[in-house]
Amino acid sequence: WFRAVTPPSSQAVATCAWTGDWADARMPADRFLAADRSLAKHEPPAGCYIGAFIDNCTEGSNISAFEQRVGHKHAIYINYIAWGRPFPVRWASELREHGAAAQIAFEPNGGLHEVRDGPYLRRWAMEANRAGIPIFLRFASEMNGAWTAYSGDPELYKEKFRLVHDVMERYAPNVAMVWVPFAIPQKNIADFYPGDEWVDWAGLNIYSVYCHDGNRWRPAYDEDPTEFLAYVYNRYADRKPIFIGEFAASHHCAVYGDRTAFAVEKMARLYGSLRTRFPRVKAICWFSFDAVERSDVHNRYALYTNRRVRETYSELTADPHFLTRVSPPPRPILASPAATEASPAVMGG
């Protein structure tokens, strides 16, 4: 049901995608760039943070090695924390040493009913505050997809998102709440929006694959990542900065084999359009993961396994529009007297 898009020529990719001049004039930017709009938490006045997930079980997966391979620093790194697990103190300390911010996918994989205010969440928030780095908290993302444990009840989802927001606002002023559905299905995305008061950034996750679920009878090579982005951008960019929590293009498909040219086209199309067509996209993170080797998914997204894709990524993100450091967060706060019941020293479990 998505419009098929004629791919650009390889010459077009090579000559103009790197500079951001490859834009689509059908979407005027002016209504999204109101001069009197106040900035959201951690939002840059202009430009777009670059970030990445780096697989922690592969060669060169540490931050220094990754940045050496791609040729420049990144502003944000991703971690996945299931509800019930502690805040990742050691990982946050590593990010602080590298001058990087955190994007944390905080996932209630046991279902939304386990999400409640109490000692666990308050301690988690205070540990996040003490980390002393900017944190983008992606609570229960991809909630519009039936594959998550927290889909199916939009009203309960919104209630729990607001609850987490309120706890973070009280105990962790360095945490920005990020609302991130998946690119598809689109029809129920708006049903899960918690409301402007509780969302600092809006966004989505997007993947470009040659076919869906490793099924040659479900082709996806004509899907355009900018069309997926436009659906959310048109609805929220006039009042929220846009955060692409995860993006990757498959350079190897388990069904069709090498798809390097496909990956280069898709990544150039998306990254090359952000400055001109989507100026309110203020953060984008690449998902560098070999899903063929490490899971039952059918695509390779890892930058370290494909030189041409890695070099293309390096060229795209070297554009000065892409920012390599997030503005400093607020200084850590001390828990108020009313919060002493949440002190880690007195909390169990």
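This is a predicted model: local features need pLDDT of at least 70, side-chain atom pairs count only at pLDDT 80 or more; totals for chains, interfaces and linings use all residues.

Trainee: Which residues make the contact between α4 and α5?

Mentor: On α4 they are L121, R122, W124, A125, M126 and N129. From α5 come L163, V164, V167, M168, R170 and Y171. By type, that contact has nine nonpolar residues, two charged and one polar.

Trainee: What makes α7 and α9 roughly parallel?

Mentor: Again, the angle. Helix α7 (residues 260-271) packs against α9 at about 10°, the axes being 10 Å apart. The cut-off is 35 degrees, and about 10° is under it, so α7 and α9 count as roughly parallel. T260, A261, A263, V264, M267, A268 and Y271 of α7 meet R308, V309, T312, Y313, L316 and T317 of α9. Those residues divide into nine nonpolar, three polar and one charged.

Trainee: Which residues of α9 are buried?

Mentor: In α9 (residues 307-317), the buried ones are V309, R310, T312, Y313, S314, L316 and T317.

Trainee: And what happens at the start of α9?

Mentor: There, N306 has a side-chain oxygen within 3.2 Å of the backbone nitrogen of R308. The limit for a polar contact is 3.5 Å, and this distance falls inside that limit.

Trainee: Is H42 buried or exposed, and how do you know?

Mentor: Its relative accessible area is 8% and the limit for buried is under 20%, so H42 is buried. H42 lies in the loop between α1 (10-17) and β1 (48-54). Its phi is near 65°, a positive value in a residue other than glycine.

Trainee: What is the phi of E142, and where does E142 lie?

Mentor: Phi of E142 is near 60°, positive in a residue other than glycine. E142 lies in the loop between β4 (135-139) and α5. At 14% relative accessibility, under the 20% limit, E142 counts as buried.

Trainee: Why is S141 called buried?

Mentor: S141 has a relative accessible area of 3%, and under 20% is what the label takes, so S141 is buried. S141 is found in the loop between β4 and α5. Leaving out residues up to four places away in sequence, S141 touches T148, Y150 and V180.

Trainee: How far apart are S141 and G245?

Mentor: In sequence, 104 residues; in space, 9.1 Å from C-alpha to C-alpha.

Trainee: What makes the bond between I184 and P185 a cis peptide bond?

Mentor: Look at omega: it is about 0° for the bond joining I184 and P185. P185 sits in the loop between β5 (175-179) and β6 (201-208).

Trainee: How many helices and strands does the chain have, and how much of the chain is buried?

Mentor: Nine helices and twelve strands, with buried residues making up 58% of the 349 residues.

How values were computed. Residues are numbered from 1 along each chain as its sequence is written. Side-chain values use heavy atoms; hydrogens and water are left out. Contact means heavy atoms within 4.5 Å. Helices (H or I, at least four residues) and strands (E, at least two) are DSSP runs, numbered from the N terminus. Ala, Val, Leu, Ile, Met, Phe, Trp, Tyr, Cys and Pro count as nonpolar, Asp, Glu, Lys and Arg as charged, and the others, Gly among them, as polar. Buried means under 20% relative accessible area, exposed over 50%, partly exposed in between (1.4 Å probe, protein chains only). A polar contact is a pair of N or O atoms within 3.5 Å; within protein, one must be able to donate a hydrogen and the other to accept it, and residues adjacent in sequence count only if both atoms are side-chain atoms. Axes are lines fitted to C-alpha atoms, for helices over the stretch in contact, and angles run from 0 to 180 degrees between N-to-C directions. Angles under 35 degrees count as roughly parallel, over 145 as roughly antiparallel, 65 to 115 as roughly perpendicular and the rest as oblique.
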